[in-house]
Amino acid sequence: DVASFVRVMMTACPVESRYRVETADGSRAVNARSYVGMVYMSAEHSNEMYLVNETDNGVFPTELDQFRAL
């Protein structure tokens with residue numbers, strides 16, 4: 001799942017856009033395009049990860065919908 005997520009981040013999201021994945025309290029955050037960072041987050045914080053778009057006012061490409069929690 002991590003490899004698929006990072007692949008979508010690299011291909012569907014504009015290069016100039018900045019995304020991060022963080023914990024609910026914001027105490028941990030990684031670059032959403034970082035494979036190693038995403039492996040860490042999914043291993044340590046899988047129940048509390050949130051994708052934050054820092055540059056596009058919370059707009060996310062539809063390709064990321066497959067990774068949303070239900």
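Predicted model: local features only at pLDDT ≥ 70, side-chain atom pairs only at ≥ 80, totals over all residues.

Biologist: Okay, and how many helices and strands does the protein chain have?

Modeller: Two helices and three strands. Starting from the N terminus, their order is α-β-β-α-β.

Biologist: What does the radius of gyration say about the overall shape?

Modeller: A compact globule of 70 residues would have a value near 11 Å, and the protein chain has 11 Å, so the two agree. Along the principal axes, the C-alpha atoms fill a box of roughly 25 × 25 × 25 Å.

Biologist: And what share of the residues is buried?

Modeller: 31% of the 70 residues count as buried. As for the contacts with a separation of 6 or more, 55% of them are between residues 24 or more positions apart.

Biologist: Let's go inside. Which residues have the most contacts in the largest nonpolar core?

Modeller: Those are F5, M9, V21, A32, M38 and L64, in a core of 13 residues. α1 (2-12), β1 (19-23) and α2 (35-44) each supply at least two residues of this core. The largest share, five residues, comes from α1.

Biologist: You listed M9 there. What does M9 touch?

Modeller: Leaving out residues up to four places away in sequence, M9 touches Y19, A32, R33 and L64.

Biologist: Switching topic: I clicked on V30. Where is that, and is V30 buried or exposed?

Modeller: V30 is in strand β2, which covers residues 29-31. V30 counts as buried because its relative accessibility is 14%, and the cut-off for buried is under 20%.

Biologist: Who are the neighbours of V30?

Modeller: With residues up to four places away in sequence set aside, V30 touches Y19, R20, V21, G37, M38, Y40 and M41. Take Y40: V30 and Y40 are ten residues apart in sequence, and their C-alpha atoms are 8.8 Å apart in space.

Biologist: Why does V36 count as exposed?

Modeller: Because its relative accessibility is 65%, and exposed means over 50%.

Key:
Residues numbered from 1 in each chain as written. Heavy atoms only, no water. Core = buried A, V, L, I, M, F, W, Y, C linked by side-chain atoms within 4.5 Å. Buried < 20%, exposed > 50% of the residue type's maximum accessible area, 1.4 Å probe, protein only. Helix = DSSP H or I, 4+ residues; strand = E, 2+ residues; numbered from the N terminus. Contact = heavy atoms within 4.5 Å. Rg over C-alpha atoms; globule rule 2.2 N^0.38 Å.
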